[in-house]
Amino acid sequence: MSRIQLLLLFLCVVFSPVHAQQSAADTQSFSDRQALQTDSVEPRRFVAVHGRQTVIMGYPESGLEVWGYPFQIISNYHVGFRAAGAVTESDGRLLLRSIEYQPDSVTRVYIGPDYLVREKLFVPLNQAAAVLSYEVESPRPVDIEIHFLPDLNLMWPAAVGGQNTHWNADVPGYVIAEPLHGVTAVIGSPQTVAHDDTTNSTLHTDGTLSFSLRPRATAGAPARATVYVALNAAGTKEPAATLHELSAHLQEMEAEATAHYTELKSQALQIHTPDEDINRALAWSEVALDQAWVCNPQLSCGIVAGYGPSRDARRPQYAWFFAGDGMVATDALISAGEYSRARDELAFIAKYQDPATGMIWHELSQSAGYVDWSKYPYMYVHVDLSFDYLNTVAHYVAVSGDTTFAMDHWPSIIAAYRYCHSLIRNTDHLPHIPADKEGGDEQHRPGDDLSLSASWVAATSGFAELARLTDHLQLADEALKENQLSRQAIATHYWNAEKNFWINSHTQSGAPILNRRRGPMQLITRKVFSAQQNDALLNALASSDFQADWGMRGVAASSEDFDPYSYATGSISALGTTEAAVTFWQEHRPNIAFAVWSSILPWNTLDSLGHIHEVLAGTYYHEQMESVPEQTWSSAGLLDAASRGLLGLDIQGATNSIHLTPHLPVEWNQISVENVHLPHSMLAFTISQNMNHIDLEVKNEGSATKMLFEPQIPMGARLLGAEFQGRAIAADTESFPEDEHAKVTLDAPAGTSHCHLRWDGGLSVILNRPVLHVGDPIREMKLTSLHLQDRTLSIEADIQPHGNNTFRIKTPWKITSNEGATVQSLPDDQYQITIAPGSAQVNPVGYTHTHLELTFARK
């Protein structure tokens, strides 16, 4: 077959907009198996390829930028093509047709009239360098025109001057140098055939430079050319030697990157469900967490907040260090069993703690090693981070069992606690925000806020446990007293009886701010408010006032502050949504929890494939204008919620034990989990289920492990018995308004063990998963609560008159009557329920609230 025939065959292939590349697992690396591809590339399809010291990233329309931390080396990198005999160059941005994302590289495909070009973007794992290689399929030669803007300048807000760029024929390529620190960079290619001069001219205004490559073909292979970009911070290595070294070791560096991601899979938590979209999203979340680990030559290694194109003066969103984002990522690392990385991130955060006050820092630009960062107003700003630091350290120590970390970092821990305590007023036992500082709400600048007070409750509890583990018993007792006082104060200070909702904050003068924000849902699980208040909160937060089909708004649609296009007062945060899902799971509202959590899954392919945006708009499905395309904490939240919520995985490191409370959708027949790390054990388990039984298989590589296993079973089911290793064991059930659980205690020995639970009857609810397209409005029903009593199922829901108002019920029972719905019998013991439109008032997003009841009897 000729190359032209191959090209035509390629053009005739019909791709789905986004799909995973599938083939035999034993012939693919982990990177290959996680490949995601799209032919939806214009105009917004972000790409990024990450190393510890370098990143290539950008959108097609604005070109790529290459960073060798903390320097932006080049920007506005884009390509054009000129086929032999042609005069006019074809802009590659107009020919870009598909993109394939892998953990270690990105490949973009350009298609011209009779040629196809594959551009592979690659960054070595541990070098300040980037490699952009090209393969050309064409019946005639095609030159590749490289265009870029030389920068070699520091990340915002620092800067250097005096840069110069010149052509070096020995490379061949351009050498960029700055005189103050002696830093140099090079961009070039052995296949260069022409280049722009760098002579000083009054007519050359924008600084863009170009050079031409002529890909070289070998027998039976496409024509190839490669561009190398490298940073030489010391300025001592010859540019030609730098490129020669990269070229000579390219295959080794690619193999190292591939091996790294394979090792990540073999060590980190792996969750396999019957839903391949979920499996890929979770696998990519771990990849995204790993890609956020950056090593800065002046500052050390830590987690950056994300990746997005530079704004203003070399300000890449958010490829610098934020302590708050790092702690969110640390929680996910703990859930993934990556304790070493979690420990390193906590140590990095502690390294820059304010020695004078104990306050934890807010943000640290990667250029901070070149300036006096203390003179910039970004470091010690947010008081809430010191509270979060105590919570995160306590979480790490509790799960990992690493009490040595607590003892080694006790001076840091006690300093942070004392700083937090200094903000507590004796008049109300709650933290107050100094006028020159900020809490989590940067917009209203309140004097106190509910989230900060909630963090104080968590911080006192966590600090008390850390103090006990390090033998500071008096401090532990004092912290627990503070905990009780703050819990009592919150219950009265932050509740509005008229609105039946929490007060989010107060002004500096003490006036309540009633803006119906989502708020700190940890207060619900910590039972700070009454059971009735918690139910009112959960019902409201599950409603269409907060829930869209793609996540949970930070501010209710009914709020006077609501603006669906605003970053802070109406957008939908992936992290806020997944945190809410965990609360719904922990409060035994699993149907709502799974619907909320899974609403984030489409984000995984919305822009940068495998990665998750920061925020989306509040009423239509699309990115919010300020949103960062690869937000670290968004990926962290999805993974953490799957571990702590969906699986209900809770490890107690001190006792080498585990509590497993899975809330599995009834339509899943199996889930398997690998690489569950305990201090003295490594567990893998498989859960299989059908309508009347559940099986747990545990593989334990290590010491015997005590396991409390509490799986969700159908509501109203009658437990018949339980066996472990073929012997009957004691079992119990625990019923909640919206779900039911069996409960057994197991001693899982080394090797493989099995548990079997049996029941009779019961019912399960199955909600729809919406299929979303950019620009879609909200359509799906929003379940706000349900309750089964005496075989009557009561359901409260928000529906749209012309929306999708159906769901299913799976049960061996027969529906004998219904009120407020129509019922259709389906195969496999299922019913489809369609909710009848109600007459209630329409809310700001077009929904009405309705009630229905279904009564069941044995068939």
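## Briefing: cavities, helix packing and backbone details

Of the residues that line the second largest cavity, four are nonpolar, seven are polar and one is charged. That is one corner of a predicted model, and a search of the whole structure turns up four cavities of 30 Å³ or more.

- At least two lining residues come from each of helix 6 (276–291), strand 22 (306–307), strand 36 (630–631) and helix 18 (632–646).

**The largest cavity**

- About 80 Å³ of space lies in the largest cavity.
- Around the largest cavity you will find Y59, P60, G63, L64, Y77, H78, V79, G92, R93, L96, R108 and Y110.
- Sorted by type, this lining has seven nonpolar, three polar and two charged residues.
- Four elements each supply at least two residues of the lining: strand 5 (63–68), strand 6 (71–83), helix 3 (92–95) and strand 9 (105–111).
- Strand 6 contributes the most, with three residues.

**Helix 12 against helix 9**

- Helix 9 (residues 384–400) and helix 12 (residues 450–469) have axes that come within 8 Å and cross at roughly 45 degrees.
- Helix 9 is therefore oblique to helix 12.
- The crossing of these two helices is left-handed.
- On the helix 9 side, the contact is made by D384, F387, D388, L390, N391, V393, A394 and V397; on the helix 12 side, by L452, S455, W456, A458, A459, G462, F463, L466 and L469.
- Taken together, the residues of this contact are twelve nonpolar, three polar and two charged.

**Helix 12 against helix 11**

- Helix 11 (residues 410–422) packs on helix 12 at an angle of about 145 degrees, and the two axes are 11 Å apart.
- This crossing, too, is left-handed.
- From helix 11, W410, I413, I414, Y417, C420 and H421 take part; they meet W456, T460, F463, L466 and A467 of helix 12.
- Here the contact residues divide into nine nonpolar, two polar and no charged.
- Compare the two lists and you will see W456, F463 and L466 of helix 12 in the contact with helix 9 and again in the contact with helix 11.

**Backbone details**

- Most peptide bonds are trans, and most residues other than glycine have a negative phi.
- Y69 and P70 are joined by a cis peptide bond, with omega about 5 degrees.
- P70 sits in the loop between strand 5 and strand 6, and these two strands each give at least two residues to the lining of the largest cavity.
- Another cis peptide bond links W156 and P157, with omega about 0 degrees.
- To find P157, go to the loop between strand 12 (142–154) and strand 13 (164–168).
- N500, a residue other than glycine, has a positive phi near 55 degrees.
- The loop between strand 28 (495–496) and strand 29 (501–502) is where N500 lies.

Technical notes: Residues are numbered from 1 along each chain as its sequence is written. This is a predicted model: local features need pLDDT of at least 70, side-chain atom pairs count only at pLDDT 80 or more; totals for chains, interfaces and linings use all residues. Side-chain values use heavy atoms; hydrogens and water are left out. Axes are lines fitted to C-alpha atoms, for helices over the stretch in contact, and angles run from 0 to 180 degrees between N-to-C directions. Angles under 35 degrees count as roughly parallel, over 145 as roughly antiparallel, 65 to 115 as roughly perpendicular and the rest as oblique. A crossing is left-handed if the near helix is turned anticlockwise from the far one by less than a right angle, and right-handed if clockwise. Contact means heavy atoms within 4.5 Å. Ala, Val, Leu, Ile, Met, Phe, Trp, Tyr, Cys and Pro count as nonpolar, Asp, Glu, Lys and Arg as charged, and the others, Gly among them, as polar. On a 1 Å grid over the protein atoms alone, a cavity is a set of points where a 1.4 Å probe fits but cannot get out, and a pocket is an open set with protein on both sides within 12 Å along at least five of seven lines; lining residues have an atom within 4 Å of a point. Grid points are joined across faces, edges and corners, and a volume is the space filled by probe spheres set on the points.
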